Amino acid sequence: MATGRTHRPATRSRGIPEATVARLPLYLRALTALSERSVPTVSSEELAAAAGVNSAKLRKDFSYLGSYGTRGVGYDVEYLVYQISRELGLTQDWPVVIVGIGNLGAALANYGGFASRGFRVAALIDADPAMAGKPVAGIPVQHTDDLEKIIQDNGVSIGVIATPAGAAQQVCDRLVAAGVTSILNFAPTVLTVPDGVDVRKVDLSIELQILAFHEQRKAGEDHEGAVPPVVTHQEAGEQGPDGDVPAVMPA
């Protein structure tokens, strides 16, 4: 079986924009759901709605793949699943190591979506000696002392970092030195990597902070849209120079 080290996805060589690459998994997820329901074809409008993008952008993205659909029929679901999977490099086996088997790392190890999408968790690695040998998701945890050997033995080119922030850069350096060229970083820190190494960062706290920003804005808009009550000087406990007459009369 092919491994991640023997083949790289063709997206860059074919000149597909990074923004389009970022949307391909959204299309694939929507198409997979359609395939599971045995839907044979789908229109650009239906697929765009399912993926959360507009149909013009979808058609432009698919033009980079050489797929234009059929007027009056739409896109062949099964063919698009294959085409996008091929472009993303998901028609082969990608061995992955997860470093840092705390709560988050263990949750990732137990995530069933990896295997169904072309990723095989080849090893779980942790610095805690007490974790060594303990099975998580049916895979025995191995110590970080063996990280380089694990990478080489399994032909790993994708590493997942789920360590505390303070340990992340050192783990990253060791992964890169051992031959890992793509890293998914869950640690709350920015990693420094050499050219040729791709890093994708997932920071749940940042996503929540962005949502909090939008919630605050919505609350502010609701407040600004409310009609303030009319309060006279008398209601506020003030009197004009003649007693009952407000000092300032409305124009």
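Helices (H or I, at least four residues) and strands (E, at least two) are DSSP runs, numbered from the N terminus. The model described here is predicted: local features need pLDDT of at least 70, side-chain atom pairs count only at pLDDT 80 or more, and totals for chains, interfaces and linings use all residues. Residues are numbered from 1 along each chain as its sequence is written, and side-chain values use heavy atoms, with hydrogens and water left out.

The protein chain contains 9 helices and 9 strands. It has 251 residues, of which 37% are buried, that is, under 20% relative accessible area with a 1.4 Å probe, protein chains only. Contact means heavy atoms within 4.5 Å; among contacts between residues at least 6 apart in sequence, 58% join residues at least 24 apart.

Within this chain, helix α3 spans residues 55-64 and includes D61. D61 has a relative accessible area of 1% and is therefore buried. Leaving aside residues up to four places away in sequence, D61 touches T20, R23 and Y27.

Helix α3 also meets helix α2 (residues 44-51): their axes come within 8 Å and cross at roughly 100°. These axes are lines fitted to C-alpha atoms over the stretch in contact, and angles run from 0 to 180 degrees between N-to-C directions. Because 65 to 115 degrees counts as roughly perpendicular, α2 and α3 are described as roughly perpendicular to each other. On the α2 side the contact involves S44, E45, L47 and A48, and on the α3 side S55, L58, R59 and F62. These residues divide into 4 nonpolar, 2 polar and 2 charged, where Ala, Val, Leu, Ile, Met, Phe, Trp, Tyr, Cys and Pro count as nonpolar, Asp, Glu, Lys and Arg as charged, and the others, Gly among them, as polar.

Key: Buried < 20%, exposed > 50% of the residue type's maximum accessible area, 1.4 Å probe, protein only. Parallel < 35°, antiparallel > 145°, perpendicular 65-115°, else oblique.
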